[in-house]
Amino acid sequence: MDIHEYQAKEILARFGVPVPRGGLAYSPEQAAYRARELGGNAWVVKAQVHAGGRGAAGGVKVCKTVDEVQTFAASLFGKQLVTKQTDANGKGVYRLWV
């Protein structure tokens with residue numbers, strides 16, 4: 001079964017499993033909005049693709065400002081993320097978890 005991380009978190013939360021707060025974003029602006037909405041002084045921005053190894057492939061980053069969240073998100077949207085679990089074409093990034 002292929003489910004995204006954000007979908008797994010929703011399922012786990014429905015069954016009472018504690019999951020970190022976060023929000024889905026479909027644009028760089030929405031990613032920045034999610035960071036402001038969550039508050040704090042650091043956020044993890046994660047590409048949501050059906051493949052492991054996102055971090056090693058550059059699809060996960062700890063951001064320390066809302067501007068950094070938006071800039072990193074802009075660099076990911078529409079990108080083909082090539083991981084150890086994809087072929088050379090990779091997987092397109094169309095949503096992020098903040």
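Four strands line up as β1-β6-β2-β3 in an open sheet, with antiparallel pairing. Strands here are DSSP runs of E with at least two residues, helices are runs of H or I with at least four, and both are numbered from the N terminus. Two strands pair if DSSP finds at least two bridges between them. This is a predicted model, where local features need pLDDT of at least 70, side-chain atom pairs need 80 or more, and totals for chains, interfaces and linings use all residues. Residues are numbered from 1 along each chain, and side-chain values use heavy atoms, leaving out hydrogens and water.

- Two bridges link β2 to β6 (residues 96-97) in the antiparallel sense.
- Ala47 sits opposite Leu96 in β6.

**Arg34**
- You'll find Arg34 in helix α2 (residues 28-38).
- Its side chain makes a polar contact with that of Glu37 at 3.0 Å (N or O atoms within 3.5 Å, one able to donate a hydrogen and the other to accept it; residues adjacent in sequence count only if both atoms are side-chain atoms).
- Skipping neighbours within four places in sequence, Arg34 is in contact with Gly23, Leu24, Ala25 and Val98 (heavy atoms within 4.5 Å).

**The largest pocket**
- Its lining has 13 residues, with Pro20, Arg21, Leu38, Val44 and Val98 nearest the centre.
- A pocket is an open set of points on a 1 Å grid over the protein atoms alone where a 1.4 Å probe fits, with protein on both sides within 12 Å along at least five of seven lines; lining residues have an atom within 4 Å of a point.
- β2 gives the largest share of this lining, three residues.
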